[in-house]
Every structure is written in structure tokens, then in C-alpha cells.
Amino acid sequence: GILIAALAREVLKKADSPSRSTLVELYQKHVLEAKVAPPTRSLEGWAPVVAAITAEEFSKTLLPLAVRMSKRQPAAVSQYFPYLILHSKFDYSSCAKEALEPM
């Protein structure tokens, strides 16, 4: 978690960093697609990535994945999804219904 946090903070200093999309993809793979809920410390390490997620990324990529995973791994989703909502920094008004419906 600490390594991810340090790497993410460094990469995300530049909004146009080519590594930014890679970090979001890694978040998808290691958190959203996890079969077992990641430990809280691991989720905390992803906080800089979560804070950098845009409304578009959330509604087009992350939310559909979280909905799909809620059917496959509901226990894992119930752990990370609230963390995702609480730590992201965009306005959810455009996707609130879709975000809350499956939960």
C-alpha cells in the first residue's frame, strides 16, 4: 500500500502523465477485480489514484466493472466500493442512480 501511494503521488503530480492511465488500470485489476476484499491498508495506498479518477472514468469504466463484480464477488465490492465513493473527488450527480442501484 505504501509503495503504491508513493508511486501514485509522484506520477499524479502531472495531470497529463502517461502513467496515470496505467495506475487506473492497476487499480481496476488489483482492487475492483479482486476476488477477496483488499485490506484497508491496501485501499489507503490507492487513495491518490482514487482521488484522481474522473467522472467519465468512473461512469464509463469503473462503475460498470463494480456492478459486474458485485454479482461475482459481493463481499469484496461491499468493502471497496464505499471507500471508492468516499475518496473520489468528482460530482456524482450524473451517475448517482447507477452507482447506488446495484448496492
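Let's start with salt bridges: this structure, a predicted model, holds two of them. By salt bridge I mean a side-chain nitrogen of Lys or Arg within 4 Å of a carboxyl oxygen of Asp or Glu. Side chains of opposite charge can pair when their charged atoms come close.

In one of the pairs, Glu57 meets Arg20, with 2.8 Å between the closest N and O atoms. Glu57 sits in helix α5 (residues 55-72) and Arg20 in helix α2, so this pair ties together parts that are 37 residues apart in sequence. The helices I name are DSSP runs of H or I, at least four residues long, numbered from the N terminus. Arg20 counts as buried, at 15% relative accessibility. For that word, the cut-off is under 20% relative accessible area; exposed is over 50%, and partly exposed is in between, with a 1.4 Å probe and protein chains only.

The other pair is Glu56 and Lys60, whose side chains come to 3.4 Å, N to O. Both residues belong to helix α5, four residues apart, about one turn of the helix. Glu56 is exposed at 52% relative accessible area, and Lys60 is exposed too, at 60%.

A quick word on how to read all this. Residues are numbered from 1 along each chain as its sequence is written, and side-chain values use heavy atoms, leaving out hydrogens and water. Local features need pLDDT of at least 70 and side-chain atom pairs count only at pLDDT 80 or more, while totals for chains, interfaces and linings use all residues.

Now back to Arg20 and its helix. Which residues of α2 are buried? They are Arg20, Leu23, Val24, Tyr27, Gln28, Val31 and Leu32.

Last stop, please: Ser88, in the loop between α6 (74-87) and α7 (96-100). Is Ser88 buried or exposed? At 8% relative accessibility, Ser88 counts as buried. Leaving aside residues up to four places away in sequence, Ser88 touches Val50 and Ala51, where contact means heavy atoms within 4.5 Å. Ser88 and Ala51 are 37 residues apart in sequence, yet 4.3 Å apart in space, C-alpha to C-alpha. The side chain of Ser88 also reaches the backbone oxygen of Leu84, at 2.9 Å.

Methods
Helix = DSSP H or I, 4+ residues; strand = E, 2+ residues; numbered from the N terminus. Polar contact = N/O pair within 3.5 Å; in protein donor to acceptor, adjacent residues only side chain to side chain.
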